[in-house]
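The entries below follow the order in which I looked things up.

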Amino acid sequence: MTGIAQNLRTLKDEIKDFSCTIVVVTKTHSIEKLQEAYDLGLRIFGENKVQELVSKFEVLPKDIEWHMIGHLQSNKVKYIAPFVHLIHSVDSLGLLVEINKQAQKNNRTISCLLQVHIAQEETKYGLSFQEVDELIASDTFHRLQNVKIEGLMGMSTNTSDESVIRAEFKSLKTFFDDRRKNQAPVDAWTTLSMGMSGDYFIALQEGSTMIRIGSALFGARNYAQ
Ligand SMILES: *Cc1c(COP(=O)(O)O)cnc(C)c1O
């Protein structure tokens, strides 16, 4: 068995008590590696850069669902709008307006998650809880016909302190549940994307429905390649 197959087996065994979607984070990895993952039955791939996402989409089988998980600039939305399955990283109303415009041009509806900033680090993108509320309450948002918000995404602080990570995921889950209950326009929220290789187990315990897994499947990334 190859490394990826073995890692997938270990992962699936660890998460067997939870029902969740695995987004295979393929960034920096070669087409050969992605094909290997595909051959193991994996069909949901996530990338964090538009150019890499597009070039991999072009050469790999067309039944792969491509997710955009990284920061997205408005001027690049047009390149992924024809095919992207889910954008995890919507962090402004302006970006959502552009996604809507490009979705319209392609005659489709694009599914999105709002990225919420739950970590302590300054550098991570995302909306505050208050900004999410403002966005979903805005008239502009209600006029957008070609985007569908399916839920939220969050990344925890990069720390070895599990209690910090757990508290951050818990706060996002609480907000997610509360807004689902109380606000008509977010009735359709079904997806809570939280958890990566280092913290997916905590994320699942705290209610994640979608985990984004790279290095636990492919091994460490080599950015120099
Ligand atoms: C790279 C990345 C991941 C996966 O990271 P691993 O630790 O390798 O699992 C998940 N989410 C986002 C947004 C990423 O950029």
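**Ligand site**

I started at the ligand and noted that an oxygen atom of it sits 2.8 Å from a polar backbone atom of G214. I kept in mind that this is a predicted model.

How much of the ligand's own accessible area does the protein cover? I read off 91% of 390 Å².

Next I looked for side-chain partners. An oxygen atom of the ligand lies 2.5 Å from an N or O atom in the side chain of S197. A nitrogen atom of the ligand lies 2.8 Å from an N or O atom in the side chain of R212. I logged both as polar contacts, because the cut-off for such a pair of N or O atoms is 3.5 Å.

Then I listed the residues around the ligand. They are V25, K27, I69, M155, M196, S197, R212, I213, G214, S215 and R221. I sorted this shell by class and got five nonpolar, three polar and three charged residues.

**Helix α6**

I moved on to helix α6, residues 129–137. Which of its residues are buried? I found V132, L135 and I136. Looking down the axis of α6, I saw these buried residues fall within an arc of 90°, so they line one face of the helix. An α-helix has 3.6 residues a turn, so residues three or four places apart point the same way.

I checked the other side of α6 as well. Q130 and A137 are exposed there.

**Aromatic pairs**

I searched for aromatic pairs and found five in the structure. I wrote up two of them.

The first entry is F57 with F83. Their ring centres are 3.7 Å apart and their planes meet at 10°, so I filed the pair as stacked. The pair links distant parts of the chain, 26 residues apart. F57 belongs to helix α3 (residues 50–59), and F83 to the loop between α4 (77–80) and β4 (86–90). Are these two residues buried or exposed? Both F57 and F83 are buried. For F83 I noted a relative accessibility of 15%. It counts as buried because the limit is 20%.

I compared their accessibility. F129 is partly exposed, at 29% relative accessible area. F175 is buried, at 6%.

**Positive phi**

I then looked at backbone angles. Most residues other than glycine have a negative phi. I noted two residues with positive values.

T28 is not a glycine, yet its phi is positive, about 75°. Where is T28? I placed T28 in the loop between β1 (21–25) and α2 (31–39). Its relative accessible area is 22%, so T28 is partly exposed.

N107 is the other entry, with a positive phi near 60°. N107 lies in the loop between α5 (93–105) and β5 (110–117). At 73% relative accessibility, N107 is exposed.

**Distances between C-alpha atoms**

I began with K56 in helix α3. K56 is a lysine, so I looked up its accessibility: at 5%, K56 counts as buried.

I went back to F83, in the loop between α4 and β4. How far apart are the C-alpha atoms of F83 and N106? I got 9.0 Å, for residues 23 apart along the chain.

I finished with I149 in strand β6, residues 147–155. I149 is buried, at 8% relative accessibility. The C-alpha atoms of I149 and D177 are separated by 15 Å, and the two residues are 28 apart along the chain.

Methods:
Residues are numbered from 1 along each chain as its sequence is written. This is a predicted model: local features need pLDDT of at least 70, side-chain atom pairs count only at pLDDT 80 or more; totals for chains, interfaces and linings use all residues. Side-chain values use heavy atoms; hydrogens and water are left out. A residue is near a molecule or strand if one of its heavy atoms lies within 4 Å of it. A polar contact is a pair of N or O atoms within 3.5 Å; within protein, one must be able to donate a hydrogen and the other to accept it, and residues adjacent in sequence count only if both atoms are side-chain atoms. Accessible areas come from the Shrake-Rupley method with a 1.4 Å probe; for residues, only the protein chains shown count as cover. Ala, Val, Leu, Ile, Met, Phe, Trp, Tyr, Cys and Pro count as nonpolar, Asp, Glu, Lys and Arg as charged, and the others, Gly among them, as polar. Buried means under 20% relative accessible area, exposed over 50%, partly exposed in between (1.4 Å probe, protein chains only). Helices (H or I, at least four residues) and strands (E, at least two) are DSSP runs, numbered from the N terminus. The arc is that of the directions from the helix axis to the C-beta atoms. Rings of Phe, Tyr and Trp (its six-membered ring) pair if their centres lie within 6.5 Å; planes under 30 degrees apart count as stacked, over 60 as edge-to-face and the rest as tilted.
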